[in-house]
Amino acid sequence: MKTLKLDSTYRPIGVIDCIEALVMCIVGKATAVEEYEEEISSPSVTFKIPSVIVLKTVVKFISTGFRPSRSNILWRDRNQCQYCGIVEPPRDMTIDHVTPRSRGGENTWTNLVTCCKRCNQKKGSRTPKEAHMSLLCHLHQYPITSQHLKVYTMLVQAYYVSSCRLHWQNNLVFL
Ligand SMILES: [Zn+2]
């Protein structure tokens, strides 16, 4: 199992092994804010396994290794076009740069969205505003089915939402 690691400002900084997270809580480096149902027991003590921990320090450099690759973007958006909402198999989907590459748009979580071929053609190399198209941005409303998925989904959502300069805590669904 994996644990989402936040720094003291609640900024997501990575996903680590849950045992490592538990150890960090035990030695006082972090506090668990969400826990799994599962427990670890020794003869004398029982620990709940943390699913989300908050460090007691601010981390300056972020490295998650969780890249906004084509497959990760498709997974985050659940193969749903983020403009018209249509859901199609991954092979029929494209990845759109919200701010076009020709305008300096980067390959980041917040600038890449799943887009059907029709919308991609319609949008071309324009911004959504210029193309009179709007983004769904309903990431936080996605149903989450398993604990494992929950951690990863939260990481992606947190990135997405915090990068949109919203307070991510208020925009995530904690099951
Ligand atoms: Zn579309």
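In the predicted model, Asn-79 lies in the loop that connects α2 (70-76) with β5 (93-97). The phi angle of Asn-79 is near 55°, a positive value in a residue other than glycine. Asn-79 counts as partly exposed because 17 C-beta neighbours fall inside 10 Å, and a residue is called buried at 20 or more such neighbours and exposed at 12 or fewer. A positive phi of about 55° is also found at His-132, which is not a glycine either. His-132 belongs to the loop between α3 (117-123) and α4 (147-163). With 9 other C-beta atoms within 10 Å, His-132 is exposed.

The chain as a whole contains four helices and six strands. Along the sequence these elements follow the pattern β-β-α-β-β-α-β-β-α-α. The chain has 175 residues, of which 27% count as buried. Among contacts with a separation of 6 or more, 56% are made by residues 24 or more positions apart.

Four of the strands form an open sheet with mixed pairing, in the order β2-β1-β4-β3. From one strand to the next, the twist averages 30°.

Within the sheet, β1 (residues 2-6) and β4 (residues 46-55) run parallel and are joined by three bridges. In this pairing, Leu-4 stands opposite Val-52 of β4. On the other hand, β3 and β4 run antiparallel, with eight bridges between them. Ile-40 is placed opposite Phe-47 in β4. The strands β3 and β4 form a hairpin, and four residues separate them.

Helix α1 (residues 18-26) lies across β1, β2, β3 and β4. The helix runs at about 85° to β4. Its buried residues are Cys-18, Ala-21, Leu-22 and Met-24. These residues cover an arc of only 160° around the axis and are therefore on the same side of α1. The cover over the buried residues of α1 includes β1, β2, β3 and β4, the strands across which the helix lies. Glu-20 and Ile-26, on the other side of α1, are exposed. Just after α1, Gly-28 adopts a positive phi of about 90°.

The mean pLDDT is 76, and 73% of the residues reach 70 or more. Where pLDDT is low, predicted coordinates should not be read in detail.

Definitions and conventions. Residues numbered from 1 in each chain as written. Predicted model: local features only at pLDDT ≥ 70, side-chain atom pairs only at ≥ 80, totals over all residues. Pairing = 2+ DSSP bridges. Helix = DSSP H or I, 4+ residues; strand = E, 2+ residues; numbered from the N terminus. Axes fitted to C-alpha atoms, helices over the stretch in contact; angles between N-to-C directions. Contact = placed C-beta atoms within 7 Å. Arc of directions from axis to C-beta. pLDDT = per-residue confidence, 0-100.
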